[in-house]
Amino acid sequence: AQRDSTFEGGALDPVQEDEAGAALTVLDLTLRNGFSSEDGGAIENRGHTIVRRSWLEGNRIQYPWAGRHGGGAIYNAGMLEIYDSAFESNSVSIGDSGGAFGGALFNAGTLTVRDTLFRSNGVSTDDVTGIGAALFNIGTASIARASVLESRGDGNGVAIRNDGNGVLTLANITVAKSMGLEYESDAAVANGSDYPMYAGTPSMTLVHATIA
């Protein structure tokens with residue numbers, strides 16, 4: 001990704017909030033070191049956000065107690081489009097039996113991702129509820145031409161978790177080198193599990209997918 005400008009998050013909570021009805025385009029930017037104790041370490045989107053040729057790195061959510069928190073880089077409850085970008089070393093870390101969902105992305109809206117890299121993103125808790133280091137989806141999401149590498153989590157769906165009534169399509173995607181922090185047998189990609197985080201029946205479609 002080409003990066004013309006860098007935004008250092010520091011202690012901002014988060015770097016950018018996009019409310020319902022608003023529109024935001026992130027173009028040729030690096031969003032780094034954003035922090036939140038709630039949702040969306042770099043961007044919390046409830047409107048329509050487009051991310052193009054940008055790099056999101058080292059953004060995080062950290063909270064010491066219970067509760068569910070998601071989207072170490074981006075939390076989406078609106079419409080989110082991502083093209084030609086990269087997510088690296090973003091994370092959600094929650095203590096006291098909380099839920100850490102979506103180290104890079106949490107989607108509860110409509111999500112489109114194309115030609116994008118996810119690398120070294122993570123989710124962790126003191127239980128087995130750190131799920132979806134690259135993506136935790138309960139909305140409608142389509143990811144194509146993507147690589148998801150070196151994800152870390154402690155529940156089924158270490159790299160990608162589709163939950164609730166989520167509808168997820170993964171096409172021309174490689175998911176590799178995922179690491180289960182709690183159990184080595186945790187699945188890298190999971191369409192729900194016997195320990196659901198949200199009520200519902202998720203649906204996942206895989207087209208030319210490699211999980212290694």
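The model is predicted. The protein contains 27 strands and 0 helices. Its radius of gyration is 15 Å, close to the 17 Å that the globule rule gives for 212 residues, so the protein is as compact as a globular protein of that length.

**Overall form and surface**

- Taken along the principal axes, the box filled by the C-alpha atoms of the protein is roughly 40 × 40 × 30 Å.
- Among contacts in the protein with a separation of 6 or more, 82% are between residues 24 or more positions apart.
- Of the 212 residues, 53% count as buried.
- The protein has an accessible surface of about 8600 Å², and carbon and sulfur atoms account for 47% of this area.

**The largest nonpolar core**

- In soluble globular proteins, nonpolar side chains tend to be buried together.
- The largest nonpolar core of this protein comprises 32 residues, and the members that touch the most others are Ile74, Ile82, Phe87, Leu105 and Ile160.
- Two or more residues of this core come from each of strand E3 (23-27), strand E4 (29-32), strand E12 (79-83), strand E17 (110-119), strand E21 (140-149) and strand E24 (167-176).
- Leucine 105 has contacts, beyond residues up to four places away in sequence, that include Ile74, Ile82 and Phe87, which are also listed with Leu105 as core members touching the most others.
- Further contacts of leucine 105 include Gly71, Leu80, Leu111, Val113, Phe118, Ala134, Leu135 and Phe136.

**Methionine 197**

- Methionine 197 lies in the loop that runs between strand E26 (189-191) and strand E27 (203-211).
- The relative accessibility of methionine 197 is 7%, under the 20% limit, so this residue counts as buried.
- Leaving aside residues up to four places away in sequence, methionine 197 touches Arg68, Phe101, Thr129, Ile131, Phe136, Arg161 and Asp163.
- Glycine 139 is 58 residues from methionine 197 along the chain, and their C-alpha atoms are 14 Å apart.

**Two residues with positive phi**

- Arginine 145, a residue other than glycine, has a positive phi near 55°.
- This arginine belongs to strand E21 and is partly exposed, with a relative accessible area of 45%.
- Asparagine 172 is not a glycine either, yet its phi is positive at about 50°.
- Asparagine 172 belongs to strand E24, and its relative accessible area of 42% makes it partly exposed.

Terms used
Residues numbered from 1 in each chain as written. Predicted model: local features only at pLDDT ≥ 70, side-chain atom pairs only at ≥ 80, totals over all residues. Heavy atoms only, no water. Helix = DSSP H or I, 4+ residues; strand = E, 2+ residues; numbered from the N terminus. Rg over C-alpha atoms; globule rule 2.2 N^0.38 Å. Buried < 20%, exposed > 50% of the residue type's maximum accessible area, 1.4 Å probe, protein only. Contact = heavy atoms within 4.5 Å. Areas by Shrake-Rupley, 256 points an atom, 1.4 Å probe, with all protein chains shown as cover. Core = buried A, V, L, I, M, F, W, Y, C linked by side-chain atoms within 4.5 Å.
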